[in-house]
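Please view the sequence and structure first.

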Amino acid sequence: MFRYRDKKVSEKIVSSLKEMDLNIRLMHVCGTHQDTLVRFGLDELLKNTGVEIRQGPGCPVCVTTPKEIEEAMLLARKGKTITVFGDMVNVPGQKHSLADMRTQGYNVKIVYSVDDALKIAGKTEEDVVFMAIGFETTAPSTASAILNTPPKNFSILNCHRLIPPALKAIIEMGEVKLHGLIEPGHVSTVIGAKPYEFLSKDYGVPQVITGFEPLDLMMGVYMLACQIKNKKAEVEIEYKRSVKYDGNKKAVEMMNDVFELCDVAWRGFPVIKDSGLKLKNNFQSYDARKKFEDELKELNDVEFKEPKGCRCGEMLRGLIEPSDCPLFGKKCTPAAPVGPCMVSREGNCNIVFRYRGLA
Ligand code: SF4
């Protein structure tokens with residue numbers, strides 16, 4: 001691992017970037033990339049190189065919408081057991097969070113995988129709902145669970161989303177001028193390089209699929225800088241020790257067997273075409289929104305608001321940094337978060353607060 005943390009190599013890359021004399025803005029869509037950038041001070045190292053890096057909508061907890069959180073809470077109130085990944089429980093809803101509901105005695109259980117949720121369902125006759133969040137990284141395990149005929153009392157509140165359509169939306173919205181994309185290593189381990197190619201072909205955006213160690217990121221930045229300097233736009237793989245061009249065919253097959261594309265809203269975004277996954281017809285009995293349609297009806301005409309003053313939406317579109325939000329570190333801290341970007345360990349506000357405090 002330490003050969004991927006050699007500071008001297010990073011410094012050589014910095015010198016090369018300075019020689020290239022660029023003025024470029026890159027975006028990554030991955031909480032782990034942001035963690036590496038801030039934790040190892042790469043953002044500081046890249047200052048004065050002409051390379052700026054923004055975080056986009058790469059935190060699965062952060063992009064889950066207020067409506068989806070309310071759906072989970074309403075189902076808990078209606079007596080279902082809600083199983084959910086850790087950070088998600090602390091995201092503030094319209095009035096409460098799932099963690100608040102747990103302290104009020106509702107059945108909200110933290111799980112580490114869909115398998116944990118299945119085990120809970122196997123031990124009870126009660127309805128157990130798994131809040132299925134995450135990108136192409138977690139969707140295959142949900143698909144695998146569904147293919148293995150879960151118990152009848154199990155269903156999913158599907159909040160899975162896909163990365164390439166969100167990138168297309170960011171580019172088409174044009175709010176932030178981007179010269180290149182650092183693509184996420186784990187999502188790409190599943191889907192490979194091909195699903196990103198249209199972004200280079202149709203929009204002329206250079207892309208590099210990058211791993212998570214400091215030198216992975218620095219190499220990813222350098223490879224993008226070289227493409228930009230040489231006026232190229234293609235998808236390169238820096239993270240070759242994990243990512244193959246075709247990805248993980250078995251995982252993609254499972255996703256395709258179970259899900260079909262649908263249009264969904266992301267926090268901070270309007271509805272993004274084909275960026276969500278819904279269960280195919282033969283798996284509808286595991287769809288919590290279908291199964292508990294009547295219970296969820298009361299949310300149909302509700303307008304869901306973002307927390308007052310919170311700028312997570314702009315953060316997720318790569319428009320601002322945590323220090324641009326007046327609540328950062330004052331009204332909003334990891335102990336008392338206002339928005340999801342301060343809750344999730346993959347959220348930009350949480351990462352910057354954790355490693356830098358208020359500096
Ligand atoms: S500091 Fe808090 S309120 Fe501001 S954008 Fe971040 S999470 Fe939202």
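**Helix packing and aromatic pairs**

Helix α1 (residues 7–20) and helix α12 (residues 214–229) pack at an angle of about 20°, with axes 10 Å apart. The model is predicted: local features need pLDDT of at least 70, side-chain atom pairs count only at pLDDT 80 or more, and totals for chains, interfaces and linings use all residues. Residues are numbered from 1 along each chain as its sequence is written, and side-chain values use heavy atoms, with hydrogens and water left out.

Helices α1 and α12
- The two helices α1 and α12 are therefore roughly parallel to each other (angles under 35 degrees count as roughly parallel).
- The contact (heavy atoms within 4.5 Å) involves residues of α1 including Val9, Ile13 and Leu17, and residues of α12 including Leu215, Met218 and Tyr222.
- The contact residues of α1 with α12 divide into twelve nonpolar, two polar and one charged.

Aromatic pairs
- There are five aromatic pairs (ring centres of Phe, Tyr and Trp, the last by its six-membered ring, within 6.5 Å; planes under 30 degrees apart count as stacked, over 60 as edge-to-face and the rest as tilted).
- Phe135 and Trp266 are stacked, at 5.9 Å centre to centre with 20° between the planes.
- This pair links distant parts of the chain, with Phe135 and Trp266 131 residues apart.
- Both Phe135 and Trp266 are buried (under 20% relative accessible area, 1.4 Å probe, protein chains only).
- The ring centres of Phe212 and Tyr239 lie 5.7 Å apart with planes at 75°, so this pair is edge-to-face.
- Phe212 and Tyr239 are both buried.
- Phe135, Trp266 and Phe269 form one aromatic cluster.

Notes. Axes fitted to C-alpha atoms, helices over the stretch in contact; angles between N-to-C directions. Helix = DSSP H or I, 4+ residues; strand = E, 2+ residues; numbered from the N terminus. Parallel < 35°, antiparallel > 145°, perpendicular 65-115°, else oblique. Nonpolar A, V, L, I, M, F, W, Y, C, P; charged D, E, K, R; others polar. Buried < 20%, exposed > 50% of the residue type's maximum accessible area, 1.4 Å probe, protein only.
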